[in-house]
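Trainee: I would like to learn how to read aromatic pairs and strand pairing in a model. Could we go through one together?

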Amino acid sequence: MELPTQKHLISVFSPILSSRGKHYRKSARCFARAAIPGEEVVTHVDKDGAAETKQTAKEGDMVIHSVLGEEYVNTAAGFAKNYEPLEQSSIGSDLAAKLAALQDTYFPQFRAFDWFELHSWSRGIAPNGDGKDQEKNGAWQVFQAKGEIVGIFVSVDEKAAHFPDGLFMASWGEQMRMEAGDVLAAKTGPDGNFCEVYRITKTAFDNSYVEMA
C-alpha cells in the first residue's frame, strides 16, 4: 500500500486542523550544531527504540538535540525562524571572567563544566553517556525554541483510517511513524494555509509545547 503523502494529508486534515486544532508554541530548550553535509541523522523517540524517521543533512542545515535526547535536522531558514540563542547569564559571565583571569591555557579550571547552563556536558577526561561532547563535536550550543504549530491529537479511528500502516511520507522525503495519541502538527505558509504536517510523540509534545492563549 502506498503511504499517505504530504499533499494527501494536508487535503484531508486541513478542515480538521482548522476546526479542532489548537495553537501551540514550542517552549523547550535544545542543543544544536551545524550539520555536516551528507550526514544521516536518525530520530529515535519511541519507547521500543525504533527509528521514527531519518534525514540527510544538506549544506547550511542544523542538527538539533532535543529535550528527550532525540536528534533531527532543520534547514537554515527553519532554524532561524524557530530557534534563538540563549543569552549568557550574568552568573556565567562573571565566573567565566574570573576563570579566564587564571590564564590557565593548558588545563583550564572546570573545563568540563558549563557555567551558563550550570551543568557538565563536555566530557572532560571521560565520555558522556549520551555522546554529547563539546571537545569531540566542537559546536553544540544552547538555543531556545520559539516555533508555533497547529496540532491535533490523533485518535484511534483517525490512525486506522489515515495511517493504517502507522507510517506516512514526511516533507523531507522519508517515512515517518504515527501512533494513536500522538500529535499531528501542521505548519502554515505565507498564505496562511497549511503547508506541512509531521508527527510529534505525545511524550515529546508534553515536554516541549504549551498552548497559546
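Trainee: Are phenylalanine 205 and tyrosine 209 buried or exposed?

Mentor: Buried means under 20% relative accessible area, exposed over 50%, and partly exposed in between, with a 1.4 Å probe and protein chains only. By that rule phenylalanine 205 is buried, and tyrosine 209 is buried as well. Keep in mind that this is a predicted model, in which local features need pLDDT of at least 70 and side-chain atom pairs count only at pLDDT 80 or more, while totals for chains, interfaces and linings use all residues. Residues are numbered from 1 along each chain as its sequence is written, and side-chain values use heavy atoms, with hydrogens and water left out.

Trainee: How many aromatic pairs does a search of the whole structure find?

Mentor: A pair of aromatic rings is described by the distance of the centres and the angle of the planes. Rings of Phe, Tyr and Trp (its six-membered ring) pair if their centres lie within 6.5 Å, and planes under 30 degrees apart count as stacked, over 60 as edge-to-face and the rest as tilted. The search finds seven such pairs. In one of them, the centres of tyrosine 24 and phenylalanine 205 are 4.8 Å apart and the planes stand at 85 degrees, so the pair is edge-to-face. Because tyrosine 24 lies in strand β1 (residues 22-26) and phenylalanine 205 in helix α6 (residues 202-208), this pair ties together parts that are 181 residues apart in sequence. The rings of phenylalanine 205 and tyrosine 209, with centres 5.2 Å apart and planes at 10 degrees, are stacked.

Trainee: Which residues do ring pairs link into a cluster?

Mentor: The cluster consists of Tyr24, Phe153, Phe205 and Tyr209.

Trainee: In what order do the five strands of the open sheet lie?

Mentor: Strands of a sheet pair through backbone hydrogen bonds, either parallel or antiparallel. Helices (H or I, at least four residues) and strands (E, at least two) are DSSP runs, numbered from the N terminus, and two strands pair if DSSP finds at least two bridges between them. Here the order is β6-β5-β2-β8-β7, with antiparallel pairing. Since β6 (71-74) and β7 (83-85) stand at the edges, each with a single partner strand, one side of each is left without a neighbour in the sheet.

Trainee: How many bridges join strand β2 to strand β8?

Mentor: Four bridges join β2 (residues 29-34) to β8 (residues 141-145), and the two strands run antiparallel. Phenylalanine 31 stands opposite valine 142 in β8.
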